[in-house]
Amino acid sequence: MEGEQTRPQRAPPSSQDKIPQQNLESAMAKPQVVVAPVLMSKLSANAPEFYPSGYSNYTESYEDGCEDYPTLSEYVQDFLNHLTEQPGSFETEIEQFAETLNGWVTTDDALKELVELIYQQATSIPNFSYMGARLCNYLSHHLTISPQSGNFRQLLLQRCRTEYEVKDQAAKGDEVTRKRFHAFVLFLGELYLNLEIKGTNGQVTRADILQVGLRELLNALFSNPMDDNLICAVKLLKLTGSVLEDTWKEKGKTDMEEVIQRIENVVLDANCSRDVKQMLLKLVELRSSNWGRVHATSTYREATPENDPNYFMNEPTFYTSEGIPFTAADPDYQEKYQELLEREEFFPDYEENGTDLSGAGDPYLDDIDDEMDPEIEEAYEKFCLESERKRKQ
């Protein structure tokens, strides 16, 4: 038709214009993805069950009986490791463990080996001293073997005495020796609290020999006032201090007073670090508060101004326009406080004590540090201890 533009026709490609089939396929092909070769897995559904490193499969072996253990040492060590990882299983499994030992520990050598294994675990594994002491207490009452060389408790105390006799050398030894000595000290403290001795009349007491031993161990630690020795002494007193003091008071002894005096001398004279001195002072403060023990009153009575003389002790102090202080204990408190509120309406940017709240404070006062200078603080500590010593004299 006229006026209609005809679309140009494209001539078919000649043989010279044809793209080679191989190149055409390459140009139109999608980007290829490299696939890694598939490796055949060596895993098998029949493979033994996997346990993470350090995991104890004691429970499974335990259910099968001690026949799976070739030696007493392996059986006991596996149980000790199990208790270390799962201390909550003590109550449910200790009875079966003791029964198994009664069928296995039948000679002096076997009993000594058992004592040594428990002692080594309690003094070499952190945080096992308490569980080790509980275990020793249970076995001391439930193991039936009692050879001429001594029963379980007697052999245990003999083993502790071996370490105790070298206390002075250990307290001044190298770092490794002192660390092992400190573990022994804390284990002995746990034994003192947990090892029960039943009398002929059924009464339960603690081992007096351990009480004497702890007193001498404290002397050895304070006689060598290195930081780690003093830290060990603080831990021991926090653990056993209240029980030791009660026992000494019942016998009319003043050993705890002597220990506290020894601590004060160390704070004044020893070249220990400031952090350790702070720990020692905190311990003295703990002891002055009856080791943190609170005795509940028999009847609760709500505090009122009539029955509590310290009722207003923590009440805030306000000031009148003339600068006269007053508290809630003042008979004219309501009238004066109302006057104070009215005064605030005229000075909304000031607190009761006159502090400006509208902007920044005094740049000079802002730079003042609330903490004392280390030398001043140390002098203050010495002053407090000297004052306390003079007061006791």
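At what angle do helix α7 and helix α9 pack, and how far apart are their axes? The legends below take this up first and then move on to other parts of the predicted model.

**View 1. Helix α7 packs with helix α9.** Here we look at residues 152–164, which form α7, together with residues 175–194, which form α9. The angle between the two is about 145 degrees, and their axes lie 11 Å apart. In this pairing, α7 passes α9 in a left-handed crossing. On the α7 side, the contact is made by Leu156, Cys160, Glu163 and Tyr164. Their partners on α9 are Arg180, Phe184, Phe187, Leu188 and Leu191. Sorted by class, the contact has seven nonpolar residues and two charged ones, with no polar residues.

**View 2. Asn127 sits in a loop between two helices.** Have a look at the backbone: Asn127 is not a glycine, yet its phi is positive, at about 70 degrees. Is this residue buried or exposed? Asn127 counts as exposed because its relative accessibility is 77%, and the cut-off for that class is over 50%.

**View 3. Asn290 also has a positive phi.** The phi of this residue, which is not a glycine, is near 60 degrees. Asn290 belongs to the loop between α13 (274–288) and β3 (318–319). With a relative accessible area of 29%, Asn290 is partly exposed.

View 4. How many disulfides does the structure hold? The number is zero.

**View 5. The whole chain puts the close-ups in context.** Stepping back, you will find 16 helices and four strands in the protein chain. The chain has 393 residues, and 31% of them are buried. Take the contacts between residues at least 6 apart in sequence: 63% of these join residues at least 24 apart. The accessible surface of the protein chain is about 26,900 Å², and carbon and sulfur atoms account for 50% of that area.

Conventions
Residues numbered from 1 in each chain as written. Predicted model: local features only at pLDDT ≥ 70, side-chain atom pairs only at ≥ 80, totals over all residues. Heavy atoms only, no water. Buried < 20%, exposed > 50% of the residue type's maximum accessible area, 1.4 Å probe, protein only. Contact = heavy atoms within 4.5 Å. Areas by Shrake-Rupley, 256 points an atom, 1.4 Å probe, with all protein chains shown as cover. Axes fitted to C-alpha atoms, helices over the stretch in contact; angles between N-to-C directions. Left-handed = near helix turned anticlockwise from the far one by under 90°. Nonpolar A, V, L, I, M, F, W, Y, C, P; charged D, E, K, R; others polar. Disulfide = S-S within 2.5 Å.
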